[in-house]
Amino acid sequence: MIRPTLRLAALLLLLLLLLPAGPAHAQLEELRIADSRGDWGPPSPYLHYPRGPGYIRMSWLFDTLIWKDREGFIPALADSWEFNPQELSYTFNLNPKAKWHDGRPLTAADVAFTIELFQRHPYHWVNVEHIDHSEVRGPHQVVIRLQKPYAPFLADVAGTMPILPEHIWREVADPSALRTPEAFIGSGPYRLGDYNPTQGSYLYLAFADHHQGAPKARRLIYLRSGQPLVSLGNRQADLAQISPEMVTPLQNQGFTVIRDERGWNKKLMINHQRPPFNDRRFRQALAHAIDRRELIAKSQRGHGRPASYGLLSQDHPCYNPELPDYPPDPERVRALLAELGFSPDANGFFQHQDRPLQVELLVSNITASGQSAPDRDGEVVKMQLERAGIKVALINLEQATTDQRVKSWNFDLALSGHGGIGGDARILNEMISAKYGAGSVNSARFDQNPELNRLLDQQLLAMDPEERRRIVGRIQELHARELPAIPLYYPDSYSAYHPAPGIAWFYTRGGIGKGIPIAQNKVALLNGPPPAP
């Protein structure tokens, strides 16, 4: 005979087992992200500003075939994928629940259309030149065939290419001109509620029918804030990038603070198309004149690490530690400039045929991950170059103006920076060669070394990881010798957020998409348990 208390306990247990499982985490009403710049352009593929924060704004609306969590690739629109080396093809099996924000189903035809659209109207974040064609095999399977091997395909295409709805874009003659509400209809976890370029604000509304479930916050807001500490402290913001000095105080107040790997670098852009910058010896003299540790100490208050002259981050699996080095060396600067016919005047400044050597240095207020702040690097670099005998005219401009002058070769030197150096090694092609980086404001567009050009082509074809690692190692060596641009340092990058049930923001290993080092991965707000810390 079962005693009443045991019978009651058994009944309660049975009722608990029969109850439907509730959501893993309750949906928050609102999350706010503070950004010091604010406006990064309309969040549509052909409209956003061509830097990482602009892509991130767009990524909330538009999903890709695959994505990244903390460690590597995970399903997104595609539940599974497979590579056939004999046919040079990738097969993607789409999630049958995927749909567009307007309720229409997302199909393999949309994927094929997106590739064709980007082939006709290039989108600067995705390279589809290696794709021959796509084959639609039913509503949820697409085969993408390559013209030739393409090692970065998963990172550069499948993990970065936003899929667009054919029924909206097929009749659009100029994609960059589409600015109606239809331009923002995607399949991502959020819909666009409002975008205000003047205020630098974005409002995203949860897409309840997202194929991975409704996201964890009903409303996601980006707001412009020049004081992230204040924004976090008064709960105006829930997540913000912070300066290293803020780490301990915020931790003491109960905030969660996260630190990125070395995925962003500040560097000195050089106009190697005009003399004397077109001579490798002059570029090497510039490198010997710049004391990067002093630069970090004075401009970053010691919160940073010298960058690799080979461009790839030391955190990259293909990083080459055996590279030429350029320690601060005034004697070496003088020797290199003497080879080029320069001699010091009575005040120690170099001249050539009685004409003083003076360079123009452009600076803008931009720091890691697109956050705006007063740029101290320009003053320090000016001081160091003049200490070495090179006069400098320092010019401070808006970032967009600096970018335009660099792209049009209307400059001598410019301080800039970019992420991606922890992601796929294709970043070397984009940041070095004009063939691959013509559309990038951060590319050196350097084509003066035939071996370097040849190896940049070869590394994209190397499907064997070890062969590719060897090629990429040599590319870094040549970059460090040629110095078409001079990598300076990796700033220490931190973000802080208010702890919330079920939400754990994180920095993505190798960066989001093709390598964006920003702690705003949409995985943090997707349905399911948060990533393990």
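Visitor: What makes the radius of gyration of the chain agree with that of a compact globule?

Guide: Please keep in mind that this is a predicted model. With 533 residues, a compact globule would have a radius of gyration near 24 Å, and the chain has 25 Å, so the two agree. Along its principal axes, the C-alpha trace spans about 105 × 55 × 50 Å.

Visitor: How many helices and strands does the chain have, and how much of the chain counts as buried?

Guide: There are 16 helices and 22 strands. Of the 533 residues, 56% count as buried, and the accessible surface comes to about 22200 Å², with 51% of that belonging to carbon and sulfur atoms. As for contacts with a separation of 6 or more, 70% of them come from residues 24 or more positions apart.

Visitor: And where do the charges sit on average, how far apart are their mean positions?

Guide: The chain has 57 positive and 57 negative charges, and their mean positions are 3 Å apart.

Visitor: Let us zoom in. Why is Asn 429 called buried?

Guide: The cut-off for buried is under 20% relative accessible area. Asn 429 has 0%, so Asn 429 is buried. You will find this residue in helix H13, which covers residues 426-432.

Visitor: What does the side chain of Asn 429 reach?

Guide: It reaches the backbone oxygen of Leu 456, at 2.7 Å. Leaving out residues up to four places away in sequence, Asn 429 touches Tyr 436, Gly 437, Leu 456, Asp 457, Gln 459 and Leu 460.

Visitor: Tyr 436 is on that list. Why does Tyr 436 count as buried?

Guide: The same cut-off of under 20% applies. Tyr 436 has a relative accessibility of 16%, and therefore counts as buried. Its place is in helix H14, residues 434-437.

Visitor: How do you know that the side chains of Tyr 436 and Asp 457 make a polar contact?

Guide: For a polar contact, a pair of N or O atoms must lie within 3.5 Å, with one able to donate a hydrogen and the other to accept it. The side chains of Tyr 436 and Asp 457 make such a contact at 2.3 Å.

Visitor: Which residues is Tyr 436 in contact with, apart from its neighbours within four places in sequence?

Guide: They are Arg 426, Asn 429, Glu 430, Leu 456, Asp 457 and Leu 460. Arg 426 is 10 residues from Tyr 436 in sequence, and their C-alpha atoms are 9.2 Å apart in space.

Conventions: Residues are numbered from 1 along each chain as its sequence is written. This is a predicted model: local features need pLDDT of at least 70, side-chain atom pairs count only at pLDDT 80 or more; totals for chains, interfaces and linings use all residues. Side-chain values use heavy atoms; hydrogens and water are left out. Helices (H or I, at least four residues) and strands (E, at least two) are DSSP runs, numbered from the N terminus. The radius of gyration is taken over C-alpha atoms; the globule rule is 2.2 Å times the number of residues to the power 0.38. Buried means under 20% relative accessible area, exposed over 50%, partly exposed in between (1.4 Å probe, protein chains only). Contact means heavy atoms within 4.5 Å. Accessible areas come from the Shrake-Rupley method with a 1.4 Å probe; for residues, only the protein chains shown count as cover. Lys and Arg count as positive and Asp and Glu as negative; His and the chain ends are not counted. The place of a charge is taken as NZ of Lys, CZ of Arg, CG of Asp or CD of Glu.
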